[in-house]
Amino acid sequence: MRTTILLATLLFVTFLASSCKKCNNENPTARILNNGTSSVDMQITASDGSVVTIFELAKDGIHPSKEYTSGSTTIQYTIEGVEQTDVFTLNTCTSYDITINSNNEIVLFSQEKK
């Protein structure tokens, strides 16, 4: 009887461990956080050519997560009249925070999707 209960418990635990969702080449997601000195206008061009435009994201504002295609992504932004461009590579199965820091520079933070 003990052996049957132990075997059933082991099978159940194995099933739970193997059924956990794992990322399967999912497109990256990114959200924008503006910790800069004023509002920002931003244009994000994904590797497939699709464009996302964000107008006047307020200081301390957050633009919700959006899915992008993986690959080279160009971010053009204007803050306090200064235009800047950065290019990043967004990888599959990754979530990004594209953050404008207090020096009005883009810093990219990433976390692997589970």
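## Confidence of the model

What is the mean pLDDT of the protein, and what share of its residues reach 70 or more? The model is a predicted one; its mean pLDDT is 89, and 82% of the residues reach 70 or more. Confidence is highest in strand β2 (residues 40–45), at a mean of 98, and lowest in helix α1 (residues 2–19), at 55. Where pLDDT is low, the predicted coordinates should not be read in detail.

## Overall architecture

The secondary structure of the protein consists of 1 helix and 8 strands. Along the sequence these elements follow the pattern α-β-β-β-β-β-β-β-β. The protein has 114 residues, of which 29% count as buried.

Among the contacts in the protein with a separation of 6 or more, 53% are made by residues 24 or more positions apart.

Strands of a sheet pair through backbone hydrogen bonds, either parallel or antiparallel.

Which pairs of strands in this sheet run antiparallel, and which run parallel? Strand β1 (residues 29–34) runs antiparallel to β4, to which 4 bridges join it. Within that pairing, Leu33 has Ile62 of β4 as its bridge partner. Strands β1 and β7, by contrast, are parallel and are joined by 6 bridges; here Thr29 stands opposite Ser95 in β7. Strand β7 (residues 94–100) is in turn joined to β8 by 7 bridges in the antiparallel sense.

Why is β7 described as largely enclosed by the rest of the structure? Of its 7 residues, 5 are buried, so β7 is largely enclosed by the rest of the structure.

Asp97 stands opposite Phe109 in β8, and Thr99 has Val107 as its bridge partner in β8. The two strands form a hairpin with 5 residues between them, in which Asn104 takes a positive phi near 60°.

## The sheet β3-β2-β5-β6

The other sheet described here is also open; its 4 strands have the order β3-β2-β5-β6, and the pairing is antiparallel. Its edge strands are β3 (51–57) and β6, each of which pairs on one side only. The twist from one strand to the next averages 15° in this sheet.

Strand β5 (residues 71–79) and strand β6 (residues 82–90) pair over 9 bridges in the antiparallel sense. Ile75 stands opposite Asp86 in β6, while Ile79 stands opposite Val82 in β6. How many residues lie between β5 and β6 in their hairpin? There are 2, and Glu80 in the turn has a positive phi of about 55°.

Is Lys113 buried or exposed? The relative accessibility of Lys113 is 17%, and because buried means under 20%, Lys113 counts as buried. This lysine is placed in the segment after β8 (106–112).

Which residues does Lys113 contact, apart from its neighbours within four places in sequence? They are Cys23, Glu26, Asn27, Pro28, Thr29, Cys93, Thr94 and Ser95.

## Aromatic and charged side chains

The structure holds 0 aromatic pairs. A charged group and a ring do come together at Lys66 and Tyr68: the charged end of Lys66 sits over the ring of Tyr68, 5.9 Å from its centre.

How values were computed:
Residues numbered from 1 in each chain as written. Predicted model: local features only at pLDDT ≥ 70, side-chain atom pairs only at ≥ 80, totals over all residues. Heavy atoms only, no water. Pairing = 2+ DSSP bridges. Buried < 20%, exposed > 50% of the residue type's maximum accessible area, 1.4 Å probe, protein only. Contact = heavy atoms within 4.5 Å. Axes fitted to C-alpha atoms, helices over the stretch in contact; angles between N-to-C directions. Phe/Tyr/Trp six-rings, centres within 6.5 Å; stacked < 30°, edge-to-face > 60°. Lys NZ or Arg CZ within 6 Å of the ring centre and 35° of its normal. pLDDT = per-residue confidence, 0-100.
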